[in-house]
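This briefing describes a protein chain from its computed structural features. Please consult the sequence and the structure shown here while reading.

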Amino acid sequence: MGTFLLLMAEASAIASDLAEAEGHGGFSLNTDIFDTNLINLAIIITVLLVFGRKVLGKTLTTRRDTIETAIKSAEQRASQAAQQLKEAQQKLEQAQAEAENIKKAAQENAEAASKAILAQTAIDIERLQAAGAADLNADLDRAIAKLRQQVVAQALQKVELELKSGIADDAQQRLIESSIAQMGGEV
């Protein structure tokens, strides 16, 4: 690149020297190859083509490599994103299936718990009814026993009163005969 600038500076200096040497004459066509700098221009163009091609080629190659790398990187990222999307969709489907299974299990557990509670309630009701019936029977037995005690107590009071007032001879005779008959004896 430095050589190119040096050649350009020389060409420019030569062109200005030639313009001053000619003076301010009119427009003319100079056919002298050395005077018109055709050789210098050919050298400059050749140098530009040789060195410029390499620099421009390297720059274009570097740019192409950078673009290719960027494209490959973008393709890899797109591929990774597609893979991650696919994995995420699979995980979502698994999560939805798991949620559905949990929901079904919860419904089944709720139904089983409801049936168990109803069965236990029925058992408790039967037990309470049986306990109530037993309590009622016990109360009835107590009431009957109390009534018997009262009847026996009243009968004893009546008997005591009659014994205190005395039993008629006739009644005594019949009582003795009935007691002997009950024992199996004859009168």
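The points below cover the fold, the surface, an annotated segment and the salt bridges.

The model is predicted: local features need pLDDT of at least 70, side-chain atom pairs count only at pLDDT 80 or more, and totals for chains, interfaces and linings use all residues. Residues are numbered from 1 along each chain as its sequence is written, and side-chain values use heavy atoms, with hydrogens and water left out. The protein chain has 3 helices and 0 strands, and 2% of its 187 residues count as buried.

**Fold and surface**

- Along the sequence, the elements of the protein chain follow the pattern α-α-α; helices (H or I, at least four residues) and strands (E, at least two) are DSSP runs, numbered from the N terminus.
- Buried denotes under 20% relative accessible area, exposed over 50%, and partly exposed the range in between (1.4 Å probe, protein chains only).
- The protein chain has an accessible surface of about 16,400 Å², with 61% belonging to carbon and sulfur atoms; areas come from the Shrake-Rupley method with a 1.4 Å probe, and for residues only the protein chains shown count as cover.

**Annotated segment and nonpolar patch**

- An unreviewed UniProt entry lists residues 37-56 as "transmembrane region"; such annotations may be inferred rather than shown by experiment.
- In the model, residues 37-56 are 95% helix and 0% strand, and their end C-alpha atoms lie 26 Å apart.
- L38, L41, I45 and L49 make up a nonpolar surface patch with about 380 Å² of accessible area together. Patch residues have over 30% relative accessible area and no salt bridge; like charges are joined within 9 Å, and nonpolar side chains (Val, Leu, Ile, Met, Phe, Trp, Tyr) within 5 Å.
- L41 lies in helix α2 (residues 38-165) and is partly exposed, at 44% relative accessibility.

**Salt bridges**

- The count comes to 3 salt bridges, each defined as a side-chain nitrogen of Lys or Arg within 4 Å of a carboxyl oxygen of Asp or Glu.
- E68 pairs with R64, with the closest N and O atoms 3.8 Å apart; the two residues are 4 residues apart in helix α2, about one helical turn. E68 is partly exposed at 36%, and R64 is partly exposed at 48%.
- D124 and R127 form a salt bridge at 3.3 Å, N to O, and are 3 residues apart in helix α2. D124 is partly exposed at 25%, whereas R127 is exposed at 51%.
- D139 and R142 form a salt bridge with the closest N and O atoms 1.9 Å apart; both lie in helix α2, 3 residues apart. D139 is partly exposed at 39%, whereas R142 is exposed at 52%.
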